Amino acid sequence: VSENGAPFFIQNNVFNRNYTGIEMRPYSGLTNTNDYSIANNIFTSRNLPQNAIPAANYTESQLNGSTYPLTSFNPVNMKTPYTNQPGIYGVNFLNVNNANPFQIGDTDLGNLFDEIKCGINSKNSNLEILKNTFQNQLFLNAGCIGCGAPNIHGIGVLANVDNGATCSITVDQNSFADIFQAVNVSRYASTEVNRNIITNSITGNPSGGPLSPIIYGDAGIVVRPNNTNSVRIRSNKITNCATAIWLNRNTNYTGNNTINIAGNKITANSSGYCTNGIEVTDYTSNNNTSSSSVINGNTITQTVNGITLSFIKSAINISENSCKVLYAATGSRVGIKATGCKNLNIHNNHISYNVGTAALNTGNAAAYGIYLQKSTAMQVRCNLIEDAATSLLFEGNCTSTRGITQNTMRRAQMGWELKNNGIVGTQGLSFFGFSIPANNYWDMSASHNFSVAQTLAY
């Protein structure tokens, strides 16, 4: 479908074993969603019967229902020269940078993407991706040397800007099941990933050892912003992803980010795992994150690390998050960790462990509540930390004068730990006979009350 075409409606079709199901090229002729539709189609690579009489072939409604369930047909690859590859793209948008984003799926009928390498690929295009289903898109080791197929592995939505265009993408109310990565977005000016459900039946590789590549659940949502960006990741439910949400800025530029990661529910069950709940990294270390940025109201359970922040140099409010960390007898784990950061505001969070073992003398001493590592000018206040080995850990220079206030530490081996010449600076304030205490609270009434030390420095 290309330049200035007429209205089009692509609905109720089955695209099976195609390199690309639908390809959109520059298309400036339509601005109203009533004039086009890509909805209620199936994109798959399965051994579906193909009859000489088209009317006798299975319909979208039969395969999407219970008459001939799609998953009852075995996965198969394409024909020569792609005999070791399933279908590549369901929908492929190339340079469709219209003022109004194109919509894939709609409020009533989404598309089904199944057993292909990439559900929706967007290059330099404005898109709204609504109420689609992505399933059985896994990492595949099989190569395709010399055949020209791209090196893409099991991604629901892949979006990239590589020509400097100002593009937006919205991924809203979609379902992702058993997938390598659900959403992967790079260099978009505006990114919205909201109200999606991302679930893997397991995490990792069911047939390989610990060094085998991840097949299921490598990541839920990955965003790599640059230039002046707005990133909103809100109200998603993510289960059994090694990294649930990763915002990674690694390109130098002069711009501002507005980050809003809020209301997400992240967990793992006994069939999978989650190493990092929310991870935000900024390898540019520029002071250009908007002061209105928030990581707020997320519920994170059964993860090794709840929220980790690296090299963020300007204000982000990390508040009202609940992090229930998965305990293990060995290995470092943490509720909230900031490394090489500055000016963050970490307040009113609740951090706990799924069992109280870390608080015991025999428990894992590397089970931390809030961990600051060479991070200065921080505000850490009004947090509740329970059942960690160390409630608050400060490693190296963490000078944050009068910034560590009104935190409650309950059931721990140690309350404060100052590690490797840890420095926090003066806490509390006294002037002209008046004093304003820091008011941190070591709860001595609870059992396992700081049996190693209330405060340890070394």
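These legends describe close-up views of a predicted model.

**View 1. The largest pocket and its lining.**
The largest pocket holds about 210 Å³ of space. Its lining draws on several stretches of sequence. Asn12, Asn13, Val14 and Asn16 belong to the lining. So do Leu48, Pro49 and Gln50. Asn57, Tyr58, Thr59, Glu60 and Leu63 complete the list. Two elements each give at least two lining residues: strand E2 (14-16) and helix H1 (60-63). Sorted by class, the lining has 6 polar, 5 nonpolar and 1 charged residues.

**View 2. A nonpolar patch on the surface.**
Which residues form the patch? They are Leu429, Phe431, Phe432, Phe434 and Ile436. Together they have about 570 Å² of accessible area. Strand E40 (429-431) supplies at least two of the patch residues, and strand E41 (434-436) also supplies at least two. Phe434 sits in strand E41. Is Phe434 buried or exposed? Phe434 counts as exposed because its relative accessibility is 57%, and the cut-off for exposed is over 50%.

**View 3. The salt bridge between Asp114 and Arg46.**
The model has 10 salt bridges in total. In this one, the closest N and O atoms of Asp114 and Arg46 are 2.6 Å apart. Asp114 is buried, with a relative accessible area of 0%. Arg46 is buried too, at 4%.

**View 4. The salt bridge between Arg195 and Asp172.**
Here the closest N and O atoms are 2.6 Å apart. The two residues are 23 residues apart, and the pair links distant parts of the chain. Asp172 is in strand E13 (residues 168-172). Arg195 is in the loop between strand E16 (190-194) and strand E17 (197-199). Asp172 counts as buried, at 8%.

**View 5. The salt bridge between Glu386 and Arg410, and its network.**
The closest N and O atoms of Glu386 and Arg410 are 3.1 Å apart. Glu386 lies in strand E35 (residues 384-386) and Arg410 in strand E38 (residues 408-410), so the pair ties together parts 24 residues apart in sequence. Glu386 is buried, with a relative accessible area of 11%. Arg410 is partly exposed, at 23%. Which residues are linked in the network of salt bridges? Glu386 and Arg410 are joined there by Asp387, Arg411 and Asp443.

**View 6. Met78 in its loop.**
Met78 is placed in the loop between H1 and strand E6 (89-94). Met78 is buried, with a relative accessible area of 6%. Ile88 is 10 residues away from Met78 along the chain. The C-alpha atoms of Met78 and Ile88 are separated by 9.3 Å.

Methods. Residues numbered from 1 in each chain as written. Predicted model: local features only at pLDDT ≥ 70, side-chain atom pairs only at ≥ 80, totals over all residues. Heavy atoms only, no water. 1 Å grid on protein atoms, 1.4 Å probe; cavity = no way out; pocket = protein on both sides within 12 Å on 5 of 7 lines; lining within 4 Å. Points joined across faces, edges and corners; volume = space filled by probe spheres on them. Helix = DSSP H or I, 4+ residues; strand = E, 2+ residues; numbered from the N terminus. Nonpolar A, V, L, I, M, F, W, Y, C, P; charged D, E, K, R; others polar. Patch = residues over 30% accessible without salt bridge, like charges linked within 9 Å, V, L, I, M, F, W, Y side chains within 5 Å. Areas by Shrake-Rupley, 256 points an atom, 1.4 Å probe, with all protein chains shown as cover. Salt bridge = Lys/Arg side-chain N within 4 Å of Asp/Glu carboxyl O. Buried < 20%, exposed > 50% of the residue type's maximum accessible area, 1.4 Å probe, protein only.
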